[in-house]
Amino acid sequence: MAEKAPLPVLDDFPVKARDTIRYGDTDMLGHVNNAVFSTFLETGRTHLLLTPRRLAPQGMGFALVRLVLDYRAEMHWPGEADIGTGVISVGRSSVGLRQAIFQEGQCMATAETVIVLFDLTERRAAPLSDEMRAALEALRIA
C-alpha cells in the first residue's frame, strides 16, 4: 500500500486569504457544513485573481469548471478559515489551482480546481495573454 503524502501547511502556498466562520455556516451535526468549504475556496481564488490587482482584463472573468474537494477534518465555529492557493498548471485558457483550507494551523480540506478565462460578451473561453500567463506562472507550486 502506498504511503499517503503529508498534508500541506499554509506556508506551502504563495497566496493566502482568510475568511470568518459564521455560526450560520454550521449544520445540525455542529460542524461547518460541507457546502461552506467551497465558499472558502472561492475566497482563496478571488484573492488570487483580484489582489493586488484584477488579473482578467475588462469584459472577461474567470469561471470555475472543475472542483475536486477532499475533506480532511471537521471545522467548528467560532473561528477563522485560512485558505492557501497556488497555481499547478497554465493552459491556453485554463488555470489549474491547488488549494487548502486551515483552521488554527490544521489542514481541514484540500482541493484542486480549474478555472477558465471567460469572455463575457462572446460567452466562451478566451486565451490567456502573455502578461496573465507570466503573472500566474509566478504563483506556481510543486
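**Fold and the setting of Asp25**

Among contacts in the protein (heavy atoms within 4.5 Å) between residues at least 6 apart in sequence, 69% join residues at least 24 apart. The model is predicted: local features need pLDDT of at least 70 and side-chain atom pairs count only at pLDDT 80 or more, while totals for chains, interfaces and linings use all residues. Residues are numbered from 1 along each chain as its sequence is written, and side-chain values use heavy atoms, with hydrogens and water left out.

Two helices and six strands make up the secondary structure, taken as DSSP runs (helices H or I, at least four residues; strands E, at least two) numbered from the N terminus. Their order from the N terminus is β-α-β-β-β-β-β-α.

The C-alpha trace spans about 45 × 40 × 30 Å along the principal axes.

Of the 142 residues, 40% count as buried, meaning under 20% relative accessible area, with exposed over 50% and partly exposed in between (1.4 Å probe, protein chains only).

Asp25 lies in the loop between strand E1 (15–21) and helix H1 (34–50). Asp25 counts as buried because its relative accessibility is 8%. Leaving aside residues up to four places away in sequence, Asp25 touches Thr20, His31, Val32, Asn33, Val36 and Phe40.
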